[in-house]
Every structure is written in C-alpha cells, then in structure tokens.
Amino acid sequence: MDGFSGFPHLGHGIGLRPPHYAAVIAEHPPVDWFEVISENFMVEGGNPRRVLRQVREHYPIVLHGVSLSLGSVDPVDEAYLDRLAALAAAVEPAWISDHLCWSSFGGHTAHDLWPLPFTEESLDHVVRRVERVQERLGRRILVENVSSYVQFASSQLTEWEFLAALAERADCGLLLDVNNVYVSARNHGFSAEVFLQGIPRDRVGQYHLAGHSDHGTHLLDTHDHPICDPVWELYRSAVRRFGPVATLIERDDHIPPLGEVVAESHRAAEIEASITGTTAPVGHVAWR
Ligand SMILES: [Fe+2]
C-alpha cells in the first residue's frame with residue numbers, strides 16, 4: 001500500500017506564505033493543495049483567516065504546526081490544543097502535522113525545534129503525548145523528522161528506529177521531510193538512504209522538500225534556497241520506497257515569486273510521474 005491509510009495523495013502543493021497571498025487568491029496557481037503554519041491562523045477574524053477562507057474554497061489545506069512540543073516534559077498545552085481544534089473545525093484540513101522535537105521548558109516557549117534523545121524513556125513519553133493530541137483532535141496526526149545539529153550521547157535508538165516505533169505505538173503517521181533527512185545525515189555522518197530504509201512503508205502520509213544553507217562544517221535547515229540536487233535524488237529514493245505521497249515545497253525565507261515555488265512543485269510531480277508511471281496530477285484538485 002502506498003502512503004498512510006486515511007491520508008490521501010493530495011498531489012503536489014506548496015506552503016502558503018504572506019508574500020503570495022494576493023497572487024494565490026487572484027490567480028489560483030496550478031498546484032494541488034496548500035499547507036499553512038497553524039499558529040499564523042489561530043486568531044479568529046482578521047486578514048489571515050479571510051485569506052485562508054478564500055484559498056480553502058479552491059484548494060485542500062493541511063495544517064502544519066510548530067508549537068505542539070511533543071518532546072517537552074512540560075504538560076501538554078491544552079489551551080493550544082483547544083485553539084488548534086477550533087482552527088481545524090473552521091478549516092476542515094486534510095490533516096494536521098507537527099514535529100518530533102521539543103521547544104518549551106518550564107513554561108517558556110522558544111521558536112526552535114530541538115531534537116530529542118532517542119531513548120526508550122523518551123519514546124514512552126512522546127507516545128503518550130501523541131496519543132493525547134490525537135484523542136483531543138479526534139484524528140491521527142503526522143509527525144515530522146526535524147533537522148538537527150547535535151546528538152545525545154544517551155540515545156539508544158537511531159532516529160529512524162525511534163520514528164518507526166513512535167508511528168507504530170502511537171498509531172500516528174509520519175511527515176517525511178526529505179531535506180531534513182539529508183541535512184541531519186550530512187551533519188551526523190549517517191546514510192540518508194539507510195534512514196529511508198528504516199521508515200515503515202505504510203506510515204508516510206506526506207513529504208516535505210526544501211532548501212538549506214551549506215556552512216561548510218554543517219548544513220543549516222533554512223528553507224531559503226531552491227531544493228538542491230542531492231535532495232531531489234533523495235526524493236527519488238523516497239518515491240521508489242514509499243510510492244506517490246502528497247508532496248509539499250517549503251519556502252520560508254528569501255521567498256521568490258510564486259511561479260518559482262510552483263515550478264519546484266511541478267518538478268516534484270514530474271519526478272514522481274517518472275518513477276510511478278502515472279500522470280502528474282499538478283493543477284488538478286482531486287480532493288476537497
Ligand atoms: Fe519540513
């Protein structure tokens with residue numbers, strides 16, 4: 001089976017970003033879906049929600065969060081979950097995702113996505129928290145692998161073993177960020193292909209593709225460059241292993257004209273089509 005049960009192949013989408021709002025509404029660009037950063041739309045009323053309503057009339061939407069802090073030892077932020085559930089009720093997203101990371105401690109929240117020690121203890125902890133999130137939202141979520149720059153000496157599992165066990169035990173899906181796999185593999189010296197081989201075929205509900213910055217000694221996950229050739233190659237490997245799965249181009253800084261991001265989405269569709277032998281679905285909204 002391709003992809004993750006209950007998570008349809010939406011086709012090839014892009015992140016909805018403020019510099020593109022007007023063009024998206026006016027032109028309805030030929031992409032299949034949009035992903036939005038949940039936290040940017042949690043306040044009712046105002047321009048962001050108006051834009052989102054208009055975009056939603058024409059495209060499927062996926063909510064992608066950065067604040068669940070699934071690895072934190074703080075209590076699950078129930079007020080945040082309430083706001084997320086309310087946003088989901090209004091938007092009816094195809095699905096909701098967040099990251100395997102922690103970003104809060106002692107009630108203080110940062111905007112970084114810090115990695116976890118991959119231990120049995122932290123796995124038990126994250127499984128419970130994902131279960132709580134899914135119970136509150138009334139749906140399964142996708143959990144994304146982050147880019148990392150340090151590793152914990154206490155880790156007993158590889159990142160891919162941790163993700164595979166989390167998906168199985170919490171019955172969640174995985175958002176496979178292909179760029180993050182590449183960045184972490186380069187930074188830590190593991191094989192990105194071995195990472196992919198360690199992820200179960202039937203748990204991947206979405207891919208992310210993005211650019212990064214090369215600082216010589218390390219790669220930084222900046223989302224401010226076009227996708228580089230090795231990440232496109234790794235995407236090919238992912239499609240060969242996991243099949244056609246909803247694919248999203250992430251661009252968060254140095255945002256180019258809309259057409260350039262759309263073109264990367266079309267390139268992803270062409271790669272998928274060349275591997276699976278299917279017709280690229282870009283521009284055809286197959287699901288609402
Ligand atoms: Fe990502």
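The account that follows starts at the metal site and then turns to other parts of the chain.

Reply: This is a predicted model, in which local features need pLDDT of at least 70 and side-chain atom pairs count only at pLDDT 80 or more, while totals for chains, interfaces and linings use all residues. Residues are numbered from 1 along each chain as its sequence is written, and side-chain values use heavy atoms, with hydrogens and water left out.

The iron ion is held by four protein donors: Glu-144 through OE, Asp-177 through OD, His-208 through ND1 and Glu-250 through OE. These donors lie 2.0 to 2.4 Å from the iron ion; a donor is an N, O or S atom within 2.8 Å of the metal (3.2 Å for Na, K and Ca), and since water is not among the atoms, a site may look incomplete. The angles among the four donor atoms run from 87 to 177°, and the site is irregular.

Along the sequence, the donor residues follow the spacing E-x32-D-x30-H-x41-E. Two of them link distant parts of the chain: Asp-177 belongs to strand S8 (residues 173–177), and His-208, 31 residues away, belongs to strand S9 (residues 204–210). Strands (E, at least two residues) and helices (H or I, at least four) are DSSP runs numbered from the N terminus. Asp-177 and His-208 are both buried, that is, under 20% relative accessible area, whereas exposed means over 50% and partly exposed in between (1.4 Å probe, protein chains only).

Helix H6 spans residues 178–188, and because eight of its eleven residues are buried, it is largely enclosed by the rest of the structure. The buried residues are Val-178, Asn-179, Asn-180, Val-181, Tyr-182, Val-183, Ser-184 and Ala-185. Just after H6, Gly-189 takes a positive phi of about 80°.

One cavity of 30 Å³ or more is found in a search of the whole structure, and the largest cavity has a volume of about 40 Å³. Its lining consists of Val-143, Asn-145, Leu-163, Leu-174, Leu-175, Leu-176, Ile-199 and Val-204, and S8 gives the most to it, with three residues. By class, the lining of the largest cavity has seven nonpolar residues, one polar and no charged.

The largest pocket holds about 800 Å³ of space. A cavity is a set of points on a 1 Å grid where a 1.4 Å probe fits but cannot get out, a pocket is an open set with protein on both sides within 12 Å along at least five of seven lines, and lining residues have an atom within 4 Å of a point. The largest pocket is lined by 32 residues, of which Val-66, His-111, Asp-112, Leu-113 and Asp-221 lie nearest its centre. Strand S6 (residues 108–114) supplies the largest share of this lining, six residues. The lining of the largest pocket comprises eleven nonpolar, twelve polar and nine charged residues.

Within strand S6 lies His-111, which counts as exposed because its relative accessibility is 79%. His-111 and Ser-67 are 44 residues apart in sequence, yet their C-alpha atoms are 8.1 Å apart in space. His-108 is also found in S6 and, at 63% relative accessibility, counts as exposed. From His-108 to Asp-74 the separation is 34 residues in sequence and 9.4 Å in space, C-alpha to C-alpha.

Ser-72 sits in the loop between strand S3 (61–64) and helix H3 (78–91). Its relative accessibility is 1%, so Ser-72 counts as buried. A polar atom of the Ser-72 side chain lies 2.9 Å from the backbone nitrogen of Asp-74. Ser-69 lies in the loop between S3 and H3 and, although it is not a glycine, has a positive phi of about 50°. At 2% relative accessibility, Ser-69 counts as buried.

Conventions. Four donors count as tetrahedral if all angles lie between 85 and 135 degrees; four count as square planar and six as octahedral if opposite donors are over 155 degrees apart and all others between 65 and 115; anything else is irregular. Grid points are joined across faces, edges and corners, and a volume is the space filled by probe spheres set on the points. Ala, Val, Leu, Ile, Met, Phe, Trp, Tyr, Cys and Pro count as nonpolar, Asp, Glu, Lys and Arg as charged, and the others, Gly among them, as polar. A polar contact is a pair of N or O atoms within 3.5 Å; within protein, one must be able to donate a hydrogen and the other to accept it, and residues adjacent in sequence count only if both atoms are side-chain atoms.
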